[in-house]
2 protein chains.
Amino acid sequence: MNFVIDNLVGIGILARETGTSVQTVRYYESRGLLPAPPRTEGGQRRYGRLHRDRLAFIRHAREMGFALDAIGELLRLSKEEDASCGPVDRIAREQLQLVDRRIEQLCALRETLSRMIDRCDGESVTSCRILEALGPSQNLPASGKDGGTGA
Amino acid sequence: MNFVIDNLVGIGILARETGTSVQTVRYYESRGLLPAPPRTEGGQRRYGRLHRDRLAFIRHAREMGFALDAIGELLRLSKEEDASCGPVDRIAREQLQLVDRRIEQLCALRETLSRMIDRCDGESVTSCRILEALGPSQNLPASGKDGGTGA
DNA sequence: CCTATTCCCTATAGTGGTTGTAGGTTCAAG
DNA sequence: CTTGAACCTACAACCACTATAGGGAATAGG
């Protein structure tokens, strides 16, 4: 009864509206990112506009690749009324650097992978350039002495 | 005694030689990627050249971003003597596609993030463009019918 | 009021690829 | 024989979820 005056919704609707799964909403709550909402007498969560806004913020930030801890920090900072947004800026720039590094790594990797594939003629595994490229033969010393007793 | 005739090494040396951690070597064994090596009488693992080669293969493949399951598949395929390397090629191409998709996503993300940051003037959180961009205000439906009772 | 359906609850385990820990045993050098 | 490093197993933690089991709550229709 108490909550009908506000247009409160259940967790399923909230989740659908924000492109989240129900479990994830509860997970955010357990992580302290979303405040615990009021409950019905039966114990079910009821959410209002503020919760929706906050969850939407979290989802947007996740789409930007921010870690949950960073998002928590952003939310905290956004509530300090007179604070400068310097720290916010710093977190965002760190995230950008992270993304830049990952892109660079992936691009290098893509190059290597693509070259590997180009050289493969599709014949047999014994002559496969892909397996060859992955194999350890590149930087072995001399392999003359092999005691075959092994295994 | 049995293993001294071969130039077998302990797990620590193997790990160091291949740029792996000791735990990770054991983890690969538990995942079935590395065969269980012979042991000393005291129960310690002793590795030979074949193990080193195989582990080096795994590490190279991991550097290429292949998942452990895919690596297992590659290893399996590489042992089928007369097989064509078509499946190997397929796995590598799938990996390339995966990498391409990730690069694309990250680049798009980078754009958004970078634009966000550029617009931030470093003043106060109340006017911060970053927080604004992450906020939910962008795609609210019509806000005319909003029970404004909300806390 | 009863029932059926849908939603929701908690608690727990699993994902991928490691890393870290605790509490003990074995090895190699001196 | 003693020391210290390396090694052993088994288990928990990381991140951000996802999935499952075994129930209870809300709601629409009869």
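## A pair of buried cysteines

B:Cys85 is buried, with a relative accessible area of 0%. Keep in mind as you look around that this is a predicted model. A:Cys128 is buried as well, and its relative accessible area is 2%. The nearest cysteine sulfur to A:Cys128 belongs to B:Cys85, 3.7 Å away.

Are these two cysteines joined or separate? A disulfide is a covalent bond between the sulfur atoms of two cysteines. Here the cut-off for a disulfide is a pair of cysteine sulfur atoms within 2.5 Å, and A:Cys128 is in no disulfide. Searching the whole structure gives 0 disulfides over all chains.

## Around DNA strand C

Now let's turn to the DNA. There are 21 residues around DNA strand C, and A:Gly12, A:Arg26, B:Tyr27, B:Tyr28 and B:Thr40 come nearest. By class, this surface has 5 nonpolar, 10 polar and 6 charged residues.

Which helices take part? Helix 1 (11-18) of chain A, helix 2 (22-30) of chain B and helix 3 (49-63) of chain B each supply at least two residues. Helix 2 of chain B has the largest share, with 4 residues.

You can find some of the phosphate contacts yourself. A:Ile11 uses a polar backbone atom, which is 3.3 Å from a phosphate oxygen of DNA strand C.

## Around DNA strand D

DNA strand D has 20 residues around it, and those that come nearest are A:Tyr28, A:Thr40, B:Gly12, B:Arg26 and B:Arg45. Sugar and phosphate make up 84% of the atoms of DNA strand D that come within 4 Å of the protein. The residues of this surface divide into 5 nonpolar, 10 polar and 5 charged.

For DNA strand D, helix 2 (22-31) and helix 3 (49-63) of chain A and helix 1 (11-18) of chain B each supply at least two residues. Helix 2 of chain A gives the most, with 4 residues. A polar side-chain atom of A:Thr40 lies 2.8 Å from a phosphate oxygen of DNA strand D.

Definitions and conventions
Residues numbered from 1 in each chain as written. Chains lettered and ligands numbered in written order. Predicted model: local features only at pLDDT ≥ 70, side-chain atom pairs only at ≥ 80, totals over all residues. Heavy atoms only, no water. Near = heavy atom within 4 Å. Polar contact = N/O pair within 3.5 Å; in protein donor to acceptor, adjacent residues only side chain to side chain. Nonpolar A, V, L, I, M, F, W, Y, C, P; charged D, E, K, R; others polar. Buried < 20%, exposed > 50% of the residue type's maximum accessible area, 1.4 Å probe, protein only.
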